[in-house]
Amino acid sequence: KRNIRICSATAANAIPVAEYALSHVLLAGAGFYRNTRECTDPFNASAVNSFRGHGNYANRVGILGNGSISKKLQEYLSHHELEVIEVASRVAKRIVSLEEAFSSCHAIVNLFPDVEDNGGVFDRALFSSMMDSAVFINCGRGRQVNESDLISVLKERPDLTAILDVQCPEPPEAESELYLLPNVCLSAHIAGSKATELVRMSDYMLEDFARF
């Protein structure tokens, strides 16, 4: 508003997050997470290879959020024969409900923005409604998940998987059950730019400056 020109590396930082999410979506379709748990459980030998995934053809992926990362992820997913649905973070803008997304998608990616009214929005009712062997991928913020609800459902539903790149707090408290559940994959907020990807952010800023 004060005629100040803005240069931003937001689009550059969206790329590695979208790549991280894409990788997990495709692995979810392959049934990777549940299958690897079964293959490495010596007490569950009869179940080995019992689940081979929903497949990455004509199945549904839910993307929660409609920002720059969501758009980049949808671009990447357009190269795969999957149905992609987007759920905007604001209730008034939602075309598909959260309830429908959680109950009908084999992979659900949270990219909601970090705003107050999104706190604890993912609760027991949503997690309980997930389809068999579905995967929840959180690249948004940890506080958007009702953690006790998630843990409770994951105990009851060993077929489900939670990929948590973000938690609340980060890292989880030492006594958190997230460390103990076999169907939880924790990572330390690595979905953003790292190592050589930081150079890309610099390059985007330099390109903006050159255009200016």
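This is a predicted model: local features need pLDDT of at least 70, side-chain atom pairs count only at pLDDT 80 or more; totals for chains, interfaces and linings use all residues.

Reader: How far apart are the C-alpha atoms of Ser 202 and Val 153?

Author: They are separated by 42 Å, and the two residues are 49 positions apart along the chain.

Reader: Which elements does the chain contain, and in what order do they run?

Author: There are 7 helices and 6 strands. Starting at the N terminus, the order is α-α-β-α-β-α-β-α-β-α-β-β-α. The radius of gyration is 18 Å, close to the 17 Å that the globule rule gives for 212 residues, so the chain is as compact as a globular protein of that length. Its C-alpha trace spans about 65 × 40 × 35 Å along the principal axes.

Reader: What share of the residues counts as buried, and what share of the contacts joins residues 24 or more positions apart?

Author: Of the 212 residues, 43% count as buried. As for the contacts with a separation of 6 or more, 69% are between residues 24 or more positions apart. The surface can be described as well: the chain exposes about 11,200 Å², and carbon and sulfur atoms supply 55% of that area.

Reader: How far apart are the mean positions of the positive and negative charges?

Author: The chain has 20 positive and 27 negative charges, and their mean positions are 7 Å apart.

Reader: How many aromatic pairs are found in the whole structure, and which residues do ring pairs link into a cluster?

Author: The search finds 8 aromatic pairs. Phe 102, Phe 112, Phe 122, Phe 127 and Phe 136 are linked into a cluster by ring pairs.

Reader: What should I know about the backbone before looking for exceptions?

Author: Most peptide bonds are trans, and most residues other than glycine have a negative phi.

Reader: Where are cis peptide bonds found here?

Author: One joins Cys 168 and Pro 169, with omega about 0 degrees. Another runs from Glu 170 to Pro 171, with omega near -10 degrees. Pro 169 is in the loop between β5 (161-164) and β6 (184-186), and Pro 171 also lies in the loop between β5 and β6.

Reader: Which residues other than glycine have a positive phi?

Author: Asn 3 is one of them, with phi near 60 degrees. Asn 3 belongs to the segment before α1 (10-30) and is exposed, with a relative accessible area of 77%. Ala 195 has a positive phi of about 50 degrees. Ala 195 is placed in the loop between β6 and α7, and it is exposed at 60% relative accessible area.

Reader: Where is Asp 114 found, and what does it contact beyond its neighbours within four places in sequence?

Author: Asp 114 is in the loop between β3 (107-110) and α5 (124-128), and it contacts Arg 141, Arg 143 and Gln 144. At 44% relative accessibility, Asp 114 counts as partly exposed.

Reader: Which residues does Glu 147 touch, not counting those up to four places away in sequence?

Author: Glu 147, in helix α6 (residues 147-156), touches Cys 168, Ser 176 and Leu 178. Glu 147 and Cys 168 are 21 residues apart in sequence, and their C-alpha atoms are 8.2 Å apart.

Methods: Residues are numbered from 1 along each chain as its sequence is written. Side-chain values use heavy atoms; hydrogens and water are left out. Helices (H or I, at least four residues) and strands (E, at least two) are DSSP runs, numbered from the N terminus. The radius of gyration is taken over C-alpha atoms; the globule rule is 2.2 Å times the number of residues to the power 0.38. Buried means under 20% relative accessible area, exposed over 50%, partly exposed in between (1.4 Å probe, protein chains only). Contact means heavy atoms within 4.5 Å. Accessible areas come from the Shrake-Rupley method with a 1.4 Å probe; for residues, only the protein chains shown count as cover. Lys and Arg count as positive and Asp and Glu as negative; His and the chain ends are not counted. The place of a charge is taken as NZ of Lys, CZ of Arg, CG of Asp or CD of Glu. Rings of Phe, Tyr and Trp (its six-membered ring) pair if their centres lie within 6.5 Å; planes under 30 degrees apart count as stacked, over 60 as edge-to-face and the rest as tilted.
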